[in-house]
Every structure is written in structure tokens, then in C-alpha cells.
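Trainee: Could we go through this structure together? I would like to begin with the charged side chains and then turn to a helix.

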Amino acid sequence: MTYVITDVSILGRPPTDILIRDGVVAEVGTGLDRGGAEVLDGTGLVALPGLVDLHTHLREPGREDAETVLTGSRAAALGGYTAVCAMANTSPVADTAGVVEQVYRLGREAGLVDVQPIGAVTVGLAGGSLAELGTMATSAARVRIFSDDGHCVADPRLMRRALEYVRAFDGVIAQHAEEPRLTAGAQMHEGEVSARLGLGGWPAVAEEAVIARDALLAEHVGARLHVCHVSTAGSVEIIRWAKARGIRITAEVTPHHLLLTDETVAGSGDPARAYDPVFKVNPPLRTAADAAALRAALVDGVIDVVATDHAPHAVEDKECEWEYARPGMLGLQTALSVVVAQCLGDGGLDWDGIAERMSRAPARIAGLAEHGHDPAPGVPATLTLVDPAARWRVDPGELASKARNTPYAGMELPARVVATFLRGVPTVLDGKAVGAHAPTTTGDGGVGG
Ligand SMILES: [Zn+2]
């Protein structure tokens, strides 16, 4: 199938046409020979390289009641993603070649985004002994990122060995930085709000101490470290220091840590929603000052990447008392809109900056060579079209995820994904999922097409 997208702005530049043929961008320019191509009107739309998520929980195998590779892939495509890295905390854990190959195969079968499995660092995420990193790396899934996410690789000797091991094939350890002995019994960010609410605190230092330690370990062994979901102003300063020192460190921030704070837990946005477990997440929502520092760090590049930490949960795991609720939030279908709301514009990011942090940089870190390319002749036609002028209201019932635990329910957000292409094949058109699998609407439709 051949497509031409007309009058579209690539990364905010003056409008042009994009011709897609045989899976690649064939031509960019005006007055192209359309020769029987399907025409999509791109007037008012921005074209970005397909988004890449370094941190997605797809829950399959094991918790298919919360999400599957297929439903998570559909949510990803609707959010503008063309590749997602699937975290290893499934059941069974993705700590062998067999499990990562299973997830990889399920992703290919769904065919909506490239699902790149992340391998566990330790057997069963138990923190006791190294998993089979080498066999996962040489498996058909070609694993390059390893993480015990959900758990911290707390033992410094094991962390050192993992860093040394992956250095051989330019792999990276993605650390969930949380010193467990400082967060026992934690329910939310430790501070003035947790004291007022009488909930156990998760102190910033439990994150910052692990990041500092791991940065020094990465320097010592000359390996790559990636820091998952950075959540505090202090962490930003440590990462800034480590980068200035030449340490091979990259970092991600989630949309929810850019926007929401511990005051949200106390009901600042809506008193009726105080203690709503939908706001329970790990690491916890921090202070307004932390969120401001994270936004600034994303803009100035100390934080390289926006990653969703998309964490679907079954109803019974989330709609219960705060204390018993599982931590985590949906993120794939709202990430771009939250980043646009928080960071696009004067003093913030332009579209090129958003493309860097949501596509190019994560593609580089994950080693996904087919992703993260600006639309230009010869590159894979793996891109997303966004309507920056659209506004939409988040309706949990209309999300493609199996789960409903979005913290943005009822919120009006800017920017909608209108279309997504994976190697020249549309996975989303008119804001709706397309393809062999049951289409799902994103809501009130989009523009174009
Ligand atoms: Zn985590």
C-alpha cells in the first residue's frame, strides 16, 4: 500500500508532503507524484518519528486479566508508539531465553508495535543470583536492556557483576532505584503530606542513594546504566553530576511525575478523591518542587527520556483501600498529551525536543535501529501524526487497555494521535486502531485521514 500524507508539518517545520511506499518514506516534498496513493490530509498535523517506550508493563504471561501483549500493543499504537520495551516482572518472570522469546513472538503476532522484551537481572527478580543474561542477549528476542523493575537490584556486588556482564554486548542495566531498607512500610512520599495523612513515608534519599551508588559502579566498570522513573530533585542533581563526569548514565521520567504531586494524594485536585488508590505508584508522587525540577531536567536534557511505566492492574488490585492497592498507573495513551501539556512551548520543549525524548533517545538506549528516525527519504515509515490543536477528555472506559487505572480520568488534555504507521502499515487511522485485530476507538475521533 502506498500513502501520501499532504501538508503535514514534520517536527513543527513548514508543511510538506510525505510519500510512503514499500514500508519506507519514499519522498518528502511538495508536488510529489502521488500515482494511485491513498491520500491522508495532514493539514494542521505534526509528524513525529514513532514514539518508543522504554518502560511498559504488558502483564503477559501471567496476568492476562490486567493486560495482554495485544491490548497493551493497541493502547501503545493509539498513544503514538511504534515500539515498547516490555518489563520482566511477568509470571513466570522473563529471566530465561524461553520467556523473552515468548513475549517477543506475542508482540510480532499482535503486529501493532515492536515489542522488545527486557530481561530480568536476577533469577525470579529475587535479587539473589544473576539471571541468564547472555542467553537472553543471544536469543531471538535479542535482549539489550535488563531490569528487575518493581524491585531494586539492592546488592551492590550483584549490581557490579551485572554491569560488567552486559558491557560485553553493549547492554544496559535499567535500575529501579529504591533502597528497600529505607522504604519498608512506605505508602507515599515521605514529607509534610505523609505526616499529615499519617501514611508511611518513602523518602527521597532511598532513591538518591541508589542512583549515586550505581553511577559510581557504572563508572568503575565502564558500563551503561539507565535510571528508571527518576522522581526527585536530588536525583536530578546526582545525574547531572554523573553526566558531567563522563559516566555512561541515562535517565527517564514518567508523565505522572511531571504533572501530579503528593498533594494530589491528599485531594488537592478534588477533595472527593483523597486517598484514591489510582494515585498510588512506585516511586510515589513527590512534591511540587520535585515535579518542577523534573520538568526542567527534561527540558535541559539531564533527563534523556519520557517513559510511561504503563502499569495496568485488575480492578480488585486497585479499587480497594489505599494500603492494599497495588502501585502503578496506565500511561501509554496519555503520555504524549501530558508531555505536551507540561513541557511544549516557550521555555520548554519544541516538537524536535519531544521527538528526541520520546523517540530518538529511547530508541538509541534500547538499540532499536529501525526506530527513532525523523521522516526522511529512505528511513522506515515508522511515524505518528499528531493534532496539536485537539483537546480531549480522558474516559477510562474508552481506553484500549484492559485495565482502567488512569490517574487522568475526566481530565481534559491537549494533542491527539491521529495516525500511527509501523513500517508503512497504519496501526491507527482517524484516531482509531486498525488492522486485523478488533478496532478500538480512542474516544471522540480525530482529524485528517
Ligand atoms: Zn519501577
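Mentor: Let us begin with a network of salt bridges: D352, E356, R360, R364 and D374 are linked in it. Please keep in mind that this is a predicted model.

Trainee: How many salt bridges does the structure hold?

Mentor: There are 25 salt bridges in the structure.

Trainee: Which side chain meets E192 in a salt bridge?

Mentor: The side chain of R196 does, with an N to O distance of 2.9 Å. Both residues belong to helix α5, which covers residues 192–197, and because they are four residues apart there, about one helical turn separates E192 from R196.

Trainee: Where do these two stand in terms of accessibility?

Mentor: E192 counts as exposed, at 53% relative accessibility. The threshold for that class is over 50%, so R196, at 48%, counts as partly exposed.

Trainee: What about D214: which residue is its salt-bridge partner?

Mentor: That is R213, and the N to O distance between the two side chains is 2.9 Å. D214 is buried, its relative accessible area being 2%.

Trainee: And which residue forms a salt bridge with E219?

Mentor: R245 does, with the closest N and O atoms 2.9 Å apart. E219 lies in helix α6 (residues 204–221), whereas R245 is in the loop between α7 (233–244) and β14 (249–253), so this pair ties together parts that are 26 residues apart in sequence.

Trainee: Are E219 and R245 buried or partly exposed?

Mentor: E219 counts as partly exposed at 33% relative accessibility, and R245 counts as partly exposed at 47%.

Trainee: Let me change topic to α7. What is its span from the first C-alpha to the last?

Mentor: Helix α7 has twelve residues and reaches 17 Å between those atoms. That is close to the 16 Å expected at 1.5 Å a residue.

Trainee: Which residues of α7 are buried?

Mentor: The buried residues in α7 are S235, V236, I238, I239 and A242. Viewed down the axis of α7, the buried residues fall within an arc of 165°, so they line one face of the helix.

How values were computed. Residues numbered from 1 in each chain as written. Predicted model: local features only at pLDDT ≥ 70, side-chain atom pairs only at ≥ 80, totals over all residues. Heavy atoms only, no water. Salt bridge = Lys/Arg side-chain N within 4 Å of Asp/Glu carboxyl O. Helix = DSSP H or I, 4+ residues; strand = E, 2+ residues; numbered from the N terminus. Buried < 20%, exposed > 50% of the residue type's maximum accessible area, 1.4 Å probe, protein only. Expected span 1.5 Å × (residues − 1). Arc of directions from axis to C-beta.
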